Amino acid sequence: MTAPLRVLIAGAGWRVTRFVVPALINEGVSRDGIAIVRRSGSSHSPPELRGIQIVTDLKDLDMPEFQLSINCVARESLVTIQRALVARAPGALHFCDTPIFNDRRDLVRVLSLSRHRLFSLEDWPLMPNLVFLGREMAKAEGAAELRVEQFGIAGHFLSLYRSLCGVRPASRRLIQKGDALTGHPTTRKTVTFQSPKNFAVAKASTRSDNSLVEDFHEVESAPHDDPEVLYRVVDDVGVRYYCGAQEISTHRVLPELIAGFAPLNDRKNVHELDKFIGLTTLFRSALRKDTTSAYPYLHSVRDALTVRRLDAHQMSLLF
Amino acid sequence: MISRAAPGGRAYDVVILGSGFASYEIARQSLMRGSSVLIIEKGTADPANADPVLSTVTYRREPIVSGGVEFGAQVPLGFESAPRYVGLGGTSELWSGKWRRLDPIDLQRSVAGRRWPISYDELDVAYDRVAADYGWPDWSGDTAYAGCRERVTAHGLRVVEMYEENPPMRLRPKWPALLQLGALEVIDEAQLAGAEADANGSLERLSVRRRRDEITVDASRFVVACGAIESVRVITWLRVATGMGRTARIYGGFMDHPKAFVGEIVPNASHLSLLEYLHRARSESKRLLAFGLPPDELALDHGGNHTVFVWPSASQRAGEPMRMVINLEQFPEPHNTIAADPAPVVTWRVSRRTRTDAEAFLADLVPRLARLVGSIHLTPSPSFRGASHPAGVLPMANGPEAHVDPHCRVRDFANVYCVSSAVFPVAGSANPTMTIVALARRLADHLHRVDPA
């Protein structure tokens, strides 16, 4: 019998309490298999972290070895902490939050990290709704468009775009017009990200010559038969995704963790539930030491650089 | 000054629920004919106390919010997202003042098994009376119009004409003037509390609660005129409260006019005279002209009767792009619904069929319009939003299964009527207010014929 994986989390902020720790628990990691290193030694820990050792210095850890690290510290410390983590456990599997560069010198340090088993904590490429809509676009024989409207940020969108479409030279050109960012992975396929965030009107959709599927971030009490709507139904098993009457995927989620995203008539909460399920998919594979579904860290770095360039220009190439 | 019925029991000839345009027209006509009228309004008569939350609508899919703010409508502070106004005056407090008739083809054709059970000529008589009463300008002196129309028609297009009242009529300040016409009372902030009907389906009595008072009212006729969404809730409530007939919970075929910026027009000098005329007609004569396809083409291809607006800016100069806005006719679809009980929930979206139809319409219209006004750059994948023109969940029809009959009488009730865009079987793409007022005028005539005061 193999020993259970030990997981070290850097940071104890909102992302950790709302997503990372619950996703690990959902995938069977026990609380005593998790440790958190945080910057300050606050006497107060949120209830989500109860039963988890929290330290302010790595040398105080009860578990000196860890096989998985997850870095969610504030952006200004992200690179420094990541270097410390890989130095401490060079053989471990490492996940790091999406990098945002304020200082180009960070880039050199980040690139030096890429020789380690380092992956991005990006969840968009694994969100069940976006995966389905991406497949719908890919399988369309004629013209098709995937639209992500008024939720998320450009960096997440680029991770989705890269995961769905790859980075062939022809697909690298991005056009920014007003609040819309568009890429053309092939001549008859279009992927568009429309900002700004506004969950009242947010939706994701794929339209082709023969079909339209729209996701309004909604949870239904029971399946319905509108074939043009993607939605979710929550039951004792977890979360089931439907397109019309067809069940497209099922995700086992503990009821008490789903309850953490209530109320589910709030579209922002439903989007966060989708992100959470994307993260559970990522962790499930990682705990089996399978990284095929993980988003490469260098891709995340390239996305961050592309966002920097988009902020300054009307048109850009995806790095 | 708005009066309030005293607590206790009172009898009226007509009780009207709601205080928007339909209510106002029926009350006006009834009072002029000597009837006594009671208005029951759920919201407040005092705009300072109006609660925007009461005017919001719970929705699924696409948002049911203001259809006008994004397009320049002026609405009271705090009501920027509200698709309706619950309070004295109803949604006249928010509307943008476009008085437009349905087109004859809207009444002449069947769509998804629905068809208006009245003739266009009959409705047109009511339209003419409404136009006269509500102040449509006299445009007979506009000699340039004939030339404009001829030019548009020669390009295979149809001119769509409407009166754009600016500033739009608000009814709240007009209600007190009706007091001069006779026996009118208004109860605002009123909650329905009870209803009694006899074995023949006649609603005899309503109880309403206002703060701590309970008021009982008797009437020979009751008119539900509180907007397409609220009317469904009220009729469902009346059925439950009286045990009258079948009580639906979900009503299908909800329609709106999906609306979007669909492109830009770059006029060139040779087209400026027409565009200048459009701008002048709108700003000086309140005559708003838009574009559609000829009805014989619509009848042939069974497409929606959509409307394209060209919005020039106030200081339009040669070469500056103008925006193209489309108002779509949406056909009734089963998945677009209102769940009525206890509070309305609207489930609405724009299907692939409607989008495909819009694209086909633009493919036909844009080359003709381009020859008429200048080069056109279409917006790829325009984002359609609702126009706050809810319609179609209680479609008027002949026969015992109809939600309302051609005189707007509600099924299973002998003396309950409904006037709102909920009764439109087919909605075209015309702004609905004028048709609502025309139907109200027609109902007032009918009530007076059947049972004069």
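This is a predicted model: local features need pLDDT of at least 70, side-chain atom pairs count only at pLDDT 80 or more; totals for chains, interfaces and linings use all residues.
Local features require pLDDT of at least 70 and side-chain atom pairs pLDDT 80 or more, whereas totals for chains, interfaces and linings use all residues; side-chain values use heavy atoms, without hydrogens and water. Residues are numbered from 1 along each chain as its sequence is written, and chains are lettered from A in the order in which they are written.

Over all chains, the structure holds 58 salt bridges (a side-chain nitrogen of Lys or Arg within 4 Å of a carboxyl oxygen of Asp or Glu). One of them pairs Glu220(A) with Arg61(B) at 2.9 Å, N to O. This pair joins two chains, because Glu220(A) lies in strand E12 of chain A and Arg61(B) in strand E3 of chain B (strands are DSSP runs of at least two residues, helices H or I runs of at least four). Glu220(A) is buried at 16% relative accessibility, as is Arg61(B) at 6% (buried means under 20% relative accessible area, exposed over 50%, partly exposed in between, with a 1.4 Å probe and protein chains only). Within helix H7 of chain B, Arg233(B) and Glu230(B) are 3 residues apart, about one turn, and their side chains form a salt bridge at 2.7 Å, N to O.

Leu107(B), located in helix H3 (residues 104-108) of chain B, is buried, with a relative accessible area of 3%. Beyond neighbours within four places in sequence, its contacts (heavy atoms within 4.5 Å) include Leu102(B), Trp116(B) and Leu123(B). Ala427(B) is 320 residues from Leu107(B) in sequence, with a C-alpha to C-alpha distance of 9.0 Å.
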